Amino acid sequence: GIPHGAEGKAEDLGVVARFEYASTAGFSVGASGYYGGADQGDPALHNIFVGIGGADARYRRHGWDIRGVAYYVKVDGADKVSTLIGQTIGEAMTGWYGEVAYDLLRADRREGRRRALVAFGRFEQFDTMDRVPSGPAFPRDPAAGRRVITAGVSYLPIEKIAFKGDFEQWKDDTDTRLDRLNLGLAFRF
């Protein structure tokens with residue numbers, strides 16, 4: 001069966017680090033990384049390692065919220081994992097996004113009201129098979145490279161409740177498109 005919580009395997013060690021700088025002017029920048037074993041003692045895999053590196057930046061001031069994030073994942077031993085599961089997994093995976101948001105009710109916040117109406121737009125691009133193991137046994141799936149454009153609005157009648165709607169346009173490297181409308185309600189406690 002599937003292990004639950006404390007019953008999950010923990011055969012490999014990993015190391016994680018995060019560095020961040022935040023100014024009082026609303027700007028922050030950070031970098032993080034992870035490196036660790038991922039074979040969980042499976043003799044068929046033996047010595048699979050995963051490395052993840054990321055960087056992010058954000059500016060929040062005067063009603064604006066501008067952010068960007070980029071990540072890179074490297075799987076040492078992706079060929080062994082691909083052979084074991086019978087399908088190609090990426091040896092390298094990449095992704096990034098940039099987002100711009102503005103609170104249209106910012107003037108109300110200055111008057112002591114806590115409501116917000118935030119319009120936002122985001123562009124993201126990611127590829128879970130940016131690089132695959134070499135050889136004909138490991139084909140790259142062009143549908144793994146995707147671009148997503150999102151535009152939407154969030155309304156917060158009070159600080160802890162949000163109603164959100166957005167429209168997403170997905171496109172992959174095969175030129176397949178998917179358009180999606182998302183509606184949501186969130187409560188923060």
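**Before selecting anything**

Residues are numbered from 1 along each chain as its sequence is written, and side-chain values use heavy atoms, with hydrogens and water left out. Because the model is predicted, local features need pLDDT of at least 70 and side-chain atom pairs count only at pLDDT 80 or more, while totals for chains, interfaces and linings use all residues.

**Colour by confidence**

Start with pLDDT, the predictor's confidence in each residue, from 0 to 100. The protein chain averages 90, and 92% of the residues score at least 70. Helices (H or I, at least four residues) and strands (E, at least two) are DSSP runs, numbered from the N terminus. Go to strand S5 (residues 92-103), which has the highest mean pLDDT among the elements, 97. Then go to helix H2 (residues 106-110), which has the lowest, 67. Where pLDDT is low, the predicted coordinates should not be read in detail.

**Select the nonpolar core**

Select Leu45, Ile48, Val50, Val73, Val75, Ala78 and Val81. These 7 residues make up the largest nonpolar core, a core being a set of buried Ala, Val, Leu, Ile, Met, Phe, Trp, Tyr and Cys residues joined through side-chain atoms within 4.5 Å. Buried means under 20% relative accessible area, exposed over 50%, and partly exposed in between (1.4 Å probe, protein chains only). Strand S4 (64-76) and helix H1 (78-85) are the elements that give two or more residues to this core.

Centre on valine 81 next. Leaving aside neighbours within four places in sequence, valine 81 is in contact (heavy atoms within 4.5 Å) with Leu45, Ile48 and Ile89.

**Look down H1**

Which residues of H1 are buried? They are Ala78, Val81 and Ser82. Seen down the axis of H1, these residues fall within an arc of 100°, so they line one face of the helix; the arc is that of the directions from the helix axis to the C-beta atoms. The buried residues of H1 pack against S4. Just after H1, select glycine 86, which takes a positive phi of about 80°.

**Select the charged network**

The structure holds 16 salt bridges, each a side-chain nitrogen of Lys or Arg within 4 Å of a carboxyl oxygen of Asp or Glu.

Aspartate 179 counts as partly exposed at 38% relative accessibility. Now select Arg58, Arg60, Asp65, Arg67, Glu99, Arg122 and Glu124, which salt bridges that share partners join into one network.

Aspartate 65 is buried, with a relative accessible area of 12%. A polar contact of 3.3 Å joins its side chain to that of arginine 67. A polar contact is a pair of N or O atoms within 3.5 Å; within protein, one must be able to donate a hydrogen and the other to accept it, and residues adjacent in sequence count only if both atoms are side-chain atoms.

Arginine 67 is found in strand S4 and is partly exposed, with a relative accessible area of 25%. Beyond neighbours within four places in sequence, arginine 67 is in contact with Ala57, Arg58, Tyr97, Gly98 and Glu99.

Move to arginine 122, in strand S6 (residues 116-131). Arginine 122 is buried, at 17% relative accessible area. A polar contact of 3.4 Å joins the side chains of arginine 122 and glutamate 124. Apart from neighbours within four places in sequence, arginine 122 is in contact with Tyr97, Gly98, Glu99, Val148, Ile149 and Thr150. Draw a C-alpha to C-alpha distance from arginine 67 to arginine 122: they are 55 residues apart in sequence and 9.4 Å apart in space.

**Finish in two loops**

Most residues other than glycine have a negative phi, and most peptide bonds are trans. Select asparagine 47, in the loop between strand S2 (27-37) and strand S3 (49-61). Asparagine 47 has a positive phi of about 65° and is partly exposed, with a relative accessible area of 40%.

Last, select aspartate 175, in the loop between strand S8 (161-172) and strand S9 (177-187). Aspartate 175 has a positive phi of about 70° although it is not a glycine, and is exposed at 56% relative accessibility. Aspartate 175 forms a salt bridge with lysine 171, the closest N and O atoms being 3.6 Å apart. Lysine 171 is partly exposed, with a relative accessible area of 34%.
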